[in-house]
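Let's take a walk through this structure together. Please have the sequence and the 3D view open as you read.

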Amino acid sequence: MAEDFSTIPANLNYQILYDQSSIYPINAGYYQVSVIIEDSNYYGQENAVMVIEKAPVSIHFADLRQVYDMQPHQPSISLSDSVNYSVSFNGYVTSSVVNAGVYNVVVNITDSNYIGCDSALFTIAKAQALFDIQDTIIGYNGQEQSATIQVSPSFTNYEVLYEGNVQLPINAGIYKGNIVIKDTNIIGDTTFNFYILPLSVNVIVEDTIHVYDGTPKSISVQTSDSVAFNVVYYQNDIAVEPINAGRYDVEIYITEPNYDPQPFHYSLLIEKAPAEIHFGNLSFVYDNTPKSVEVITNPENLNVTITYNGSMELPIATGNYLVTAVIDDTNYQGFANDTLYIIDNTNIQEKETVQWIANIYPNPTKGQATLSIEQISDNCNIHILDIQGKIVHQEHITNTNGTLTYQVNISNLKNGVYFIRIQSDKTSIVKKLIKE
């Protein structure tokens with residue numbers, strides 16, 4: 001470094017010392033400068049202080065916002081000169097920081113010949129959690145169950161709650177799940193729905209058809225795993241006790257938790273019970289007044305609709321009339337046929353009816369029965385009728401010669417009550433036959 005001084009007189013020889021050394025100083029600092037005249041004719045000495053100031057350094061920051069990833073982070077720092085410096089974060093000298101937060105970063109030049117200091121705000125943002133949630137719909141198995149959850153970043157500390165509880169759910173139902181991030185460096189709580197589906201139930205139903213007898217009826221129900229249930233019977237959408245004949249809607253409700261509560265739909269049929277009809281007063285002498293038969297039912301006092309040769313009008317004229325009686329009752333059914341005779345009073349003896357002796361056996365039957373009629377000499381028609389009065393079989397028989405033996409075959413008909421009607425031009429008889 002060149003001197004900046006002069007001598008008087010000019011151009012005298014001299015020696016210059018810097019802190020007693022003749023070597024020029026380089027580093028910044030304060031130096032005691034001494035100039036000594038070295039001349040044969042002159043003498044003199046002068047002292048002064050020379051200052052070499054520290055050079056200023058420019059500091060620049062970049063990458064002041066980064067995201068937490070468990071790794072050390074620091075901003076990018078560039079200097080106008082390659083010199084030594086120190087870095088502090090919130091007053092702590094360190095080269096980097098790891099956790100999410102906002103830091104006051106300060107850079108100080110530590111080189112003895114340079115000077116500089118600057119600061120900036122450095123942010124490590126919390127990482128955003130990402131969720132992969134699987135198996136949110138599963139079936140009930142009686143054990144604690146949960147969804148399959150993966151959280152990214154993989155090192156995230158988190159907690160899963162179901163309806164606010166850490167305990168895993170067991171019972172069938174819909175649960176609100178919450179994933180709560182427990183890590184100070186990560187954000188991103190989320191929710192999901194978790195379904196435990198109820199088990200399906202198999203139902204076996206029997207005894208759906210009964211015959212009215214004045215007592216409550218019910219179906220027989222068996223469920224898989226002996227699951228509890230409740231049965232309700234409806235008519236016209238009103239819950240009732242099934243006693244009277246008719247058709248009932250049946251709802252089977254599963255009452256046990258963790259099983260599918262959807263009701264099962266069936267029907268119960270209570271058929272009308274068979275009733276017997278017995279006729280009386282089947283013969284009258286003509287007197288120009290309407291005639292009617294006497295009808296007795298078993299059970300007693302049932303309503304009966306009676307027709308004479310198909311008409312409800314009471315007969316007056318002489319002749320034979322086919323009498324048909326049909327039970328008209330909520331809980332009973334049945335019909336019977338016989339013949340009403342109105343005899344001309346001028347020739348009573350000639351119009352006397354023929355009395356047949358008829359038997360049918362075995363009765364009840366599994367399908368085959370023998371009909372035996374004595375004192376029959378006319379051709380006749382044999383009709384087999386069901387409980388509704390519908391003819392299910394008919395046959396014409398000729399040349400009976402006093403005795404008729406007829407094989408009845410109802411094997412192809414369903415179990416129930418049937419009537420065998422044997423009718424000629426002179427008389428008729430009806431016998432009841434039960435198939436079981």
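What does the side chain of Lys291 meet in a salt bridge? The partner is Asp287, at 2.6 Å from N to O (a salt bridge being a side-chain nitrogen of Lys or Arg within 4 Å of a carboxyl oxygen of Asp or Glu). Asp287 is partly exposed at 42%.

Before going on, a word on the model: it is predicted, local features need pLDDT of at least 70, side-chain atom pairs count only at pLDDT 80 or more, and totals for chains, interfaces and linings use all residues. Residues are numbered from 1 along each chain as its sequence is written, and side-chain values use heavy atoms, with hydrogens and water left out. The mean pLDDT (the predictor's confidence in each residue, from 0 to 100) is 90 for the protein chain, and 95% of its residues reach 70 or more. Over residues 347-353, however, pLDDT stays under 50, and the model has 5 contacts beyond four places in sequence for them (a contact means heavy atoms within 4.5 Å). Where pLDDT is low, the predicted coordinates should not be read in detail.

Back to the charged pairs: the structure holds 3 salt bridges. In one of them, Asp213 joins Lys217, with the closest N and O atoms 2.6 Å apart. Here Lys217 is buried at 13%, while Asp213 is partly exposed at 46%. Lys432 and Glu276 also meet in a salt bridge, at 2.6 Å from N to O. Lys432 sits in strand β42 (residues 428-435) and Glu276 in strand β29, so this pair ties together parts that are 156 residues apart in sequence (strands are DSSP runs of E, at least two residues, numbered from the N terminus).

Leaving aside neighbours within four places in sequence, Val293 is in contact with residues including Phe279, Ile306, Tyr308, Val323 and Leu340.

Now look at an open sheet of 3 strands, ordered β36-β37-β40 with antiparallel pairing (two strands pair if DSSP finds at least two bridges between them). β36 (357-361) and β40 (402-409) stand at the edges with a single partner strand each, so one side of each has no neighbour in the sheet. Between β36 and β37 (residues 368-376) there are 5 bridges, and Asn359 has Ser372 in β37 as its bridge partner.

Most residues other than glycine have a negative phi, and most peptide bonds are trans. Ile8 and Pro9 are joined by a cis peptide bond with omega about -5°, and the bond from Ser152 to Pro153 is cis too, with omega near 5°. Asp237 has a positive phi, near 65°, and is exposed, with a relative accessible area of 71%.

Notes: Helix = DSSP H or I, 4+ residues; strand = E, 2+ residues; numbered from the N terminus. Buried < 20%, exposed > 50% of the residue type's maximum accessible area, 1.4 Å probe, protein only.
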